Each structure stands twice: as structure tokens, then as C-alpha cells.
Protein chains: 2
Amino acid sequence: MARIVQKFGGTSVGDVERIKNVALKVKAEIDRGNEVAVVLSAMSGETNRLVGLVNQMGSLYDAREYDSVVATGEQITIGLLALALQDLGVSARSWLGWQVPFHTDDVHAKARIQKIDVDELDKRMKTGEVPVVAGFQGIGPDNRITTLGRGGSDTSAVALAAALGADRCDIYTDVDGVYTSDPRIVTKARKLEKITYEEMLEMASLGAKVLQTRAVEMAMKHGQRLQVLSSFEDKPGTLVVDEEEIVEKELVSGIAYSRDEAKITLVRVSDKPGVAAAIFGPLSDASVNVDMIVQNESVAGKATDLTFTVTQADLERAVKTLEKHSDDIGYEKLHSDANVVKISVVGVGMRSHAGVAQRMFATLAEKGINIQVISTSEIKVSVLIDEEYTELALRALHTAYGLDAA
Amino acid sequence: MARIVQKFGGTSVGDVERIKNVALKVKAEIDRGNEVAVVLSAMSGETNRLVGLVNQMGSLYDAREYDSVVATGEQITIGLLALALQDLGVSARSWLGWQVPFHTDDVHAKARIQKIDVDELDKRMKTGEVPVVAGFQGIGPDNRITTLGRGGSDTSAVALAAALGADRCDIYTDVDGVYTSDPRIVTKARKLEKITYEEMLEMASLGAKVLQTRAVEMAMKHGQRLQVLSSFEDKPGTLVVDEEEIVEKELVSGIAYSRDEAKITLVRVSDKPGVAAAIFGPLSDASVNVDMIVQNESVAGKATDLTFTVTQADLERAVKTLEKHSDDIGYEKLHSDANVVKISVVGVGMRSHAGVAQRMFATLAEKGINIQVISTSEIKVSVLIDEEYTELALRALHTAYGLDAA
């Protein structure tokens, strides 16, 4: 007997028929003799509808009211699934965030889970009852409903699985696992049987939308085994596990990409102490997230070019902020370019193998693709290139690292 | 300075623009120097949509899950109104049933309010903050969301007003007050400036849909002054008050009617002790509500005809139940007729004036309308007539009691 937390996303509970399908999946797990808890998102589109209503109410934005309104989406799906399970003869009840409860901090709309009281759920699961738990929501110290931010239901599921000591947390979604690259672009992409937390984390933060970054971080922290699998097909997905569980480590596990990038170059910045702070301080104050940063070596020892990337949504704000502080910073010109893409090669294998980055640069050079910015970490190499080379680069790298399906 | 509870129904909060209109009405009351708490229903149509989803989930019906799902309707409107009020510069926050809390019994889907803790609301209202409270919902002893049954938001508002010691509870709706009769049929119907609790109670239970019966009962019990008024026009409505507040009592306040009636006649029931119990016991067991009952005097001392009314929804069940128990009861024939209407003349004035019933019978006789069943109480006379005479009877009685507008 195993204890499993199953999490179903918005498209999996998108209408009445799909909710009934989810009930069948839960029952199948129960029939295998397992203890099951379920975490649900709102019906796809519902959260956007609710956010739209909130945005129409005026220019002021009270995140506490926002949270209370948008949390209704999950309140509906969990009640409906509990009913569908009862109809199949499975004992089930719904649990709202404040009923479990999921205690969070008071940062409404972006709350973080602090503690989950699972004693009651644990007791009931042992009797065969299925708790159907609202994802995405909790209760703050002010006794008001909080939400975890978009996609927070993955985090709810992992946190609940860890608290319940679950053997596995299954994330059901509309894709059937984690691929070596985006199968819509790279037709030879393969589904991975297993991937490490670290790799999954890099993939998630680099644009692979399969799992929320925070959820993977939490799974890694607690050593919680995860599985990503399809709600519409009945086959195993990809296991996200600790590195030791993977016997045959591949050099590179995947090639990720993110189009949501924009590049800013400050030309001839005076090369003196404190200039980086003069640039990135104001950007931080304006809530601009800076990603890759490259500073060219100063030629004359007096001035240097500085390039960095931000998300496309932040670009305009970043440029305005830098222009406003141009006197303090002291640069000659500012270039910006949104037609860029970040391509990343990810794999724990590169820790022990040299030449991974070199193979990437050589492959791109062969195809005549110019690299604009490079950044590396222990298990990934990312490059910024012109957006029009996205598909070409992905396919070439996929082949170069031997990832193509037979 | 007065303390006022304002309640807005589903059509008053039916979309974003209407919610903003409600915010203006709340602000107007604040600007007059009053303390205001608001109680809201769900957007019109929303509760039906949610009930529809619940009904699609299977044949089993867990009222606790039903409650949690349908309670989301009010959760949305209160959050949106709080935001709209903040946008107008009015300090406001939303309160869910479990946050106030409204303690109820554990009869899910038909719960009754037992106690409202208003200390926190009271304190905040004194600082000028407007509590925007979810109607229709509470929290049961099982720590789960309960609902009060359809139309329960009126009851929530009256209960909250009584607990807060409010000077008045204003029920905003899509009609502008209580009329002497249905203005769609009786064009000379007048809006009443004041009506007593007892009269309003009779009118509500006799088919006038302006206020929920339970809400009026609760107002009467607590002596809570009520006003029924329009959310779309800016003029006074009808005050529902204690009898002493009405100086010029009219003989009759209104003529109500209900088409939701069906008549059952049992022909030649044996006239012996225990026969009434043999008839109405099984009906009660089958949850059939019996309204008017008439037993004709026994001619030969052996058998009698017995007539009574039920709602149209209960008719089929009632007939089946009686047929099943025909041997125990012992009747010759069973007639049923759904083409009937109940017309009622209501007024506290009839306590001190004779001849009110007689004038009703004479007026109907003049128009050639046959009375099938009569029932009376201290402040009302009801008759059952053929449905096709509804309009004729209403207009004739309205004139006969001097209620026509000048």
C-alpha cells in the first residue's frame, strides 16, 4: 500500500465530464489499495474570469479582496469532485484552504505556505476517505483567505504530499511528461523516464511550463518524489527524483528555451566602483528582475559595455528607469532588443564532464548562429541568440547531445 | 446618526456596472453621516448555474458539498463590492459567513442562524468601515460552510441588523415597495407607505415575492424595522413596522394571490374518529405540505367529503400517497384539480371590524365567481377559486375594499 497525492490542473477539471474522468482516475488508485489525497486547480479559464472581474472594479487593488474572490474557483471544483467520487462509491469530502488549514504568511496574492495541519486528513485517509483539497489557497494570520500566486496549486500539492509523508505526488496535466525539448519544435524529442530535481528546477525556470519552479524547489527540499503525467492518457509519466535514484545519468537531459527575454545594453559605462549598484539598485526598486548579466572587459580602463536581460513585460519599465537615472550611472548610449531567445542546455552530467559548453558553442557556430550573451551554472549553460534561430538551434543542439529519439 | 444594514439582491448585483451602482448607494448613506453594513446575494443566475453543476455530478446529494459550492456566489460579489467601495474612497472589507461568523445549526442547505458574533464588525463600523457581508451562508458546528436555503440573504440581513442593533434594515430589490396588489394585474394598485409585520408575513406566505417569510418572521421577533425599496430608483419604499407605528390603520392592506395551488377532494370518506389522521399522516410522511382543509358536514352521519390544497409540485406525490393508502382511509373517489388560485384579503384592521369576509364573498358572488374553499385567520381571509377568474377577482376586490389609487 502506498500513499499518493494526486494533483489535477485546470484543463483536467475544465468541465463536468472531465471532473468525472478525474474521479475515475482517483478510484483506480484507491482500487489498487492505495491511500489517496487529491489537490485541484480551478476550471481552466475560471481564474482569468475572476481576475477580470476584480480588475473591472476600479483602480485600487486590495490583494485581500482579490484573494477571496479568485479562491472561489477551487472551491467549486473540489465540491464537484467530492460529489463525483461519492457517486462512484468512494468516500470523499472537500477541504478548503482554511479548513485543512494551510497556514500561510500575510503576503496576499503571493503567499507562502508556512505550516499544514494534516492530523485530521491523515486520520481520515487511514479509514479510506479521500480528502479533496483546494490548491492555490490558504489562510493568513489575519484569518483571511490567501492565494499562492498563479500556478500555486502545484506547490499546494507538493507541500501537502510532504506533510502527509506521501510516497509520491502525481501531477496530472495536459502533457504526458517532461521531454528532452519542446516536442512541438523538436519532433525527435523524447519523454524522459526520470529527471533530477536540480534539472527540473532549471528546466522550469528556463521556460519549460510543465511544473512551477516553487513546487520543484519544495519537492527538492523535502525529497518528495514527484511524477508528471497526463490526465487524458493512461501511461506512466516522468519521475522527478533525487540524483541517486538515477543510475544511468545522461550528460545532458534537455534543451530548454524561453522567448520571454529582452536584452538591454549600456554602451560605454564608466568603469568605476559602485557603477553596478547605480544600475541595478534603481532597477530592483522598480521591481525589474534582471537575469543574465555580462560586463565586457574595459579596453582603455575607463569605460565598459554592460549587457543584461529582463523579461519582455519589464522591458519598458527598465528602460524608463535607466533613462531617469542616466546622470548617476553615466553611460553613452542605451540599446534594447526584444527579438532574442534564451537557449539552455541542462544536465547534472556536466558536473563531471568537461566540454559540454564547448559542444554547444561549436554546434551553434556551425549553423552560423551568433551568441550574444552567455551564462553558466553548475548544471546548465544558457546563451542568448537572435529569436529567428530558435528552432534551428534547438534541433541542432538536440542532435549534437545525442538526445534524438531512435 | 443612524446605523443601517443595506441588503442588495441578485439583480441589484447582476454585473460589474450594477455593483458599482450599489457602491454609490452605500456611499450616499455614509455621506449622510450613517454607519452602514451591507449584505449581498450572488449575481442573478449564478446560484442557479452552481446548483446546475452540482446536479450534474451524479445521483448522490451531499448537502455539505452543495453548500460549499453554491456559497461561492456571494463570496465573489462581496469581494467586488468591497473593491468598488474602496475605489470611491470608502473604507470597506468583505466578510464571509465563517469569518463574521454566522453560527448556524448543521442542517446543510436549509440551515438556521443560531448566533452572530458582531463585536468585531461593531467596532469597525464605529470607525467608519463598511462591512460587506455574504448573505445566505454561515458556518455549522462541523466547521463547514452552511447555506440558509434559497432567498436566505434576506434572513441574513435581518439577523445581522438585529445583532448590530441597527435602526433600519433596507432590503433593496427590483420592485420599489409593497403594493396593495400585484401592479402587473391591478393597474390601480398603490404602493404602501407602511405595513405591519403580521400583514407582510401573510402577504409573503400568500405569494407576494417581495420578502422571504423567514426574514419577516425574524424581523417581527426582534422588532427590527425593515424597508423594502428599489435599487434602481432613488425614492422611499415601504416600511415594515410594528402595528403601533401605524396611526391610520386601513381595514385591508392588500389583496394577494397564489397560483401555485392544487385541490384534492376525497369523496364519501367514512366519517369516523381517526380518519383525518389516516389521511394527513401518510401525506406528512411523504413531505407533502397541506394548506387549506375543509370538511363538509356529514349528511347521513356516515360519510363526508374532504377537500384540501397542496402546492402544484406536491400534487402528484400527494395523489399517489393517498391511492396507496386508500384501504386504510376508505374513500369512494379522489378528484384533483390544479386549475385553482388562492386569493387572500389581508389586513390587521379586520381584527376590530366585522363584515370584511362578508364583503369578499359578496363581491365575488356579484361577479359570478364560485368559491370552492374558504379559510380564515385573525388578519386574513383566503378563498380558492377557478384560476381563470384570477384577474377579475383581484380587480373587483381591490375596488371593493377602497384600495384603488385616486
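**Entry 1: the model**

I noted first that this is a predicted model. I kept that in mind for every entry below.

**Entry 2: how the copies are related**

I asked what rotation superposes chain A on chain B. I found a rotation of 180 degrees, with 0.1 Å of shift along its axis. The RMSD of that superposition is 0.2 Å. The two copies are thus related as by a two-fold rotation axis.

Next I looked for the residue of chain A that comes closest to the rotation axis. I found A:T72, whose C-alpha lies at 2.8 Å from the axis.

**Entry 3: the interface**

I looked up how many residues of chain A are in contact with chain B. The answer is 25 residues of chain A, in contact with 25 residues of chain B. On the chain A side, α2 (46-55), α3 (63-70) and α4 (72-87) each supply at least two residues. Which helix gives the most to this side? I found that α4(A) does, with 10 residues. I then sorted the chain A side by class: 11 nonpolar, 11 polar and three charged residues.

I also checked whether the copies use matching surfaces. I found that 100% of the interface residues of chain A are also interface residues in chain B, so the copies meet through the same surface.

**Entry 4: domains of chain A**

I turned to the domain assignment of chain A. The assignment gives domain 1 (3-245), domain 2 (261-338) and domain 3 (341-400). I looked up the distance between the C-alpha centres of domain 1 and domain 2 of chain A, and these lie 38 Å apart.

**Entry 5: describing helix pairs**

I reminded myself that two packed helices are described by the angle between their axes and the distance between the axes.

**Entry 6: α2 and α3 of chain A**

The axes of α2(A) and α3(A) cross at roughly 145 degrees and come within 9 Å. The crossing of α2(A) past α3(A) is right-handed. From α2(A), I listed A:T47, A:L50, A:V51, A:L53 and A:V54 in the contact. From α3(A), I listed A:Y66, A:V69 and A:V70. By class, I noted seven nonpolar residues, one polar and no charged ones.

**Entry 7: α1 and α4 of chain B**

I moved to chain B. Helix α1 (residues 16-31) packs against helix α4 (residues 72-87) at an angle of about 60 degrees. Their axes are 9 Å apart. α1(B) and α4(B) are therefore oblique to each other. I found that α1(B) passes α4(B) in a right-handed crossing. α1(B) brings B:I19, B:K20, B:V22, B:A23 and B:V26 to the contact. α4(B) brings B:T77, B:L80, B:L81, B:A84 and B:L85. I noted eight nonpolar residues here, one polar and one charged.

**Entry 8: α12 and α13 of chain B**

My last pair was helix α12 (residues 356-366) and helix α13 (residues 390-400) of chain B. They pack at an angle of about 130 degrees, with their axes 10 Å apart. The contact is made by B:R359, B:M360, B:T363 and B:L364 of α12(B). On the α13(B) side are B:A393, B:A396, B:L397 and B:A400. I counted six nonpolar residues in this contact, one polar and one charged.

Notes:
Residues are numbered from 1 along each chain as its sequence is written. Chains are lettered from A and ligands numbered from 1 in the order in which they are written. This is a predicted model: local features need pLDDT of at least 70, side-chain atom pairs count only at pLDDT 80 or more; totals for chains, interfaces and linings use all residues. Axes are lines fitted to C-alpha atoms, for helices over the stretch in contact, and angles run from 0 to 180 degrees between N-to-C directions. Helices (H or I, at least four residues) and strands (E, at least two) are DSSP runs, numbered from the N terminus. Angles under 35 degrees count as roughly parallel, over 145 as roughly antiparallel, 65 to 115 as roughly perpendicular and the rest as oblique. A crossing is left-handed if the near helix is turned anticlockwise from the far one by less than a right angle, and right-handed if clockwise. Two residues are in contact if their C-beta atoms, placed from the backbone, lie within 7 Å. Ala, Val, Leu, Ile, Met, Phe, Trp, Tyr, Cys and Pro count as nonpolar, Asp, Glu, Lys and Arg as charged, and the others, Gly among them, as polar. Copies are superposed by least squares on the C-alpha atoms of residues with pLDDT of at least 70 in both. Domain bounds come from an automatic or database domain assignment.
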